[in-house]
Protein chains: 2
Amino acid sequence: MTKPIIFLQREFREEFSDKIQAVAPDYQVKTELTEDELPAVEISVGWSKKFSEQLLTSDRLKWVQSISAGVDYLPLNDFSDRDILLSNGSGIHALSISEHIIGVLLGYYRGLNQSVKNQEQKIWGQDAIHYDQLAGKNLLVVGTGHIGQQLSKSIRSLGVNTYGINTTGHPVEGFTETYSIKNLSKIVSEMDIVVGILPGTHETYHIFNSDIFEKMKKSAIFINVGRGDTVHTKELITALGEKHIAFAALDVFEEEPLPKESPLWNFENVLITPHISGLTVDFQNKFMKIFLANLKSYVANKELSVNQVELKRGY
Amino acid sequence: MTKPIIFLQREFREEFSDKIQAVAPDYQVKTELTEDELPAVEISVGWSKKFSEQLLTSDRLKWVQSISAGVDYLPLNDFSDRDILLSNGSGIHALSISEHIIGVLLGYYRGLNQSVKNQEQKIWGQDAIHYDQLAGKNLLVVGTGHIGQQLSKSIRSLGVNTYGINTTGHPVEGFTETYSIKNLSKIVSEMDIVVGILPGTHETYHIFNSDIFEKMKKSAIFINVGRGDTVHTKELITALGEKHIAFAALDVFEEEPLPKESPLWNFENVLITPHISGLTVDFQNKFMKIFLANLKSYVANKELSVNQVELKRGY
C-alpha cells in the first residue's frame, strides 16, 4: 500500500511542509495530487468541492482539518457516518474579530463613520456629530466561544460590562453573567450592544429576528460577525427602518456578496463590511500551530488535541 | 464692599449653582452680570473675550477656572503679572479622546473607513481591503498628561506597547519607557503609531515637521488631537503626498474649520475629524467635580487642589 498522504488543499509556505514532515515522517506531504493518489489521502487540510466526492468514497480518509472556524459548509453527516475526525480553525481569528468589533463600536459612538462621509464632501460638520461613550455600556455576546471570550477580555478593559449567551447558560470566565440561549429575548432589553458570533446550525437559523429587535433598546447597536443566516434579514431591515434599534454593523449576510439591490446598503444607520472581520495577519503561523498540535497527537494515538468539532452539534 | 462674585460664563444646570453656593456661602453665584457687578468678580468660570478687558483691570479677580484643558488662548502673561490663579479642565476629556484614538486606529487597521466609503457606492470590495492588527504595535504618546496616560492604560490592554515623550523624559506610570522631547526625532523611527497630545506653547510650535515625518516608518500612522499648530501642516501634506507615512488622522488644525481648499480633505490616507475627539457625555458633572474641589480649597486657604496651571509654562 502506498504511504498515506497529508493533502494540503491550500498553499502554505515551504517551511510548514518541512515541519509537517518532521512530525509525521511516515506520511507523504502533498499540495497537488494525481487522480491515482487521491485514495491514499488520510488527512486533508482544508476541504473543497473539487475533491469532496472522491475523498468521501475512499476509506482511507480519517481526518479533516478545516481552515475556517465555521464548518457548516462541510458534509458533516458523511463525516459522522464514516467516523472521520474533524477539527476547525477556531481561535485564529479571535483577535482580529475582537478588534473589528471594538473598531465598529467606536466608529459609531465617536462619530468617525460620519466624519469619513463628511470628509468626502469637505463638510466640517461638527454640530451634527453623534457622540457617545463606550465605557460603561452593557454588551451581550451571543456565542461565548473563542471569539466571544477574546472580545469580552479586550472590551472589559475599556470599561464595558459583558454578558454572555450560550447553549446552556453555563458560566464562562470573563463574563459578568451568562444566560442560556432560551433567554435571549428576555435579556436583550437591558443591553446597549448585542453581538452575534454564532455558528450556522439548525438551532441558530434566524435567531436574530423581529422578536429580538423589537425588544432591544432604541439606542442599541446590533453587530453580526457569526453566520449570515443567524439573522432574519428582512426583519432586520424592518427594524432598522422603524428605528427599533439605532445602528447595525454587519460583516456576514444570508447572501454574499450582499446583492446590489439590498436595502441594507442605503441605511445611514448601517455599516456594511464585506466579511472582513476575520482577516488575520500571520494567518499561516496561527493555523499551523493548531494543525501541528493535532498532527502530533494524531500520529501518537489517532486523537486530536485541540479544536475537534462535535459532528452532531456542528461546532 | 459688595459680596464677591463667582461668575459662571457658561450655562450649567441649576443643581450646580446650588452646590457652588453651599461650598462658598459668602459669595454670590451669577451667570449674568450688569456692568456694575463686573468689578466684584473674584472667580471666573470660563473666559470670554467679551469680559476680558474689564475683568483684567479689576483688582478683585483672583482665580480663573478654564473650561478647556488647553489654555493657550488665555492672557497668561496678564494673569502672571497680576498673580491670578488659573486652573484648567484637564482630565475631563481623557476618556473621550482615548476612545477616539483607539477608534481611529482600528478604523484604519481593520479596513472600516474604507468600508464606509465602499458602502456609499455599494461596492463589496473585499479584495482591496487593507487589514492589519493593532495588538503588538508600538505607540508613542507625545505628551504624557491625563489624556496620554488614559490612552496608554486603555490601549495597553489591547496588546499595544506604549512609549511616552514629555519635557524632561521623567518616567510616567503605565509607559514602557519615556523620553525627553529632545529625543523625539530619534525615537519616532521605531514607532508604528505617533500620537500628538501636546499643548500649544512656544516649545511645541510646529514640532511635528518634515524632520519627524521623514524619520517615521513608511507604514506608520500619525494622529494629532493636541493643538493644531504643533503640526507643520505644509510639511505634513508633503509627507503624505510622498508617502513618508501611511496614514494621518487629524482632529485639530492650524486653521479651524479646516478651509475647503486644504489638500488634506482629498487624501485617501487621511481622516479628518472636526475637533470632536473631546466631545464628552456628562460633561457638566465631570467639570464640576474639578471646580468644586478647587472651590473648597480656595475658600479654605486660597489654594487650588487640582489642575492648577503653571502660568510661565503654559499648562
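Guide: Let's start with α1(B) and α10(B), which run roughly parallel to each other because of their angle (under 35 degrees counts as roughly parallel, over 145 as roughly antiparallel, 65 to 115 as roughly perpendicular, the rest as oblique). This is a predicted model, where local features need pLDDT of at least 70, side-chain atom pairs need 80 or more, and totals for chains, interfaces and linings use all residues. Residues count from 1 along each chain's sequence as written, chains are lettered from A and ligands numbered from 1 in written order, and side-chain values use heavy atoms, without hydrogens or water.

Back to our pair. In chain B, α1 spans residues 14-23 and α10 spans residues 283-301. Helices here are DSSP runs of H or I with at least four residues, strands are E runs of at least two, and both are numbered from the N terminus. The two helices pack at about 15°, with axes 10 Å apart (axes are fitted to C-alpha atoms, for helices over the stretch in contact, and angles between N-to-C directions run from 0 to 180 degrees).

So who touches whom? From α1(B), the contact uses F16(B), K19(B), I20(B) and V23(B). Facing them from α10(B) are Q284(B), N285(B), M288(B), F291(B), L292(B), L295(B), K296(B) and V299(B) (contact means heavy atoms within 4.5 Å). Sorted by class, that contact has eight nonpolar, two polar and two charged residues (Ala, Val, Leu, Ile, Met, Phe, Trp, Tyr, Cys and Pro are nonpolar, Asp, Glu, Lys and Arg charged, the others, Gly among them, polar).

Now look at another pair in chain B. Helix α4 (residues 94-109) of chain B packs against helix α6 (residues 146-156) of chain B at about 50°, with the axes 8 Å apart. That angle makes α4(B) oblique to α6(B). On the α4(B) side you'll find A94(B), L95(B), I97(B), S98(B), I101(B), I102(B) and L105(B), while α6(B) brings H146(B), I147(B), Q150(B), L151(B), S154(B) and I155(B). The classes here come to nine nonpolar, four polar and no charged residues.

Next, a pair that joins the two chains. Helix α5 (residues 112-120) of chain A packs with helix α5 (residues 112-120) of chain B at about 55°, their axes 9 Å apart. These two are therefore oblique to each other. N113(A), V116(A), K117(A) and E120(A) meet N113(B), V116(B), K117(B) and E120(B). This contact of α5(A) with α5(B) divides into two nonpolar, two polar and four charged residues.

How do the chains relate?

Before you go, check the backbone. E256(A) and P257(A) are joined by a cis peptide bond with omega about -10°, and P257(A) sits in the loop between β11 (247-250) and β12 (270-272) of chain A. In chain B, a cis peptide bond links E256(B) and P257(B), with omega about -10°. Lastly, K302(A) has a positive phi of about 60° although it isn't a glycine; K302(A) lies in the segment after α10 (283-301) of chain A.
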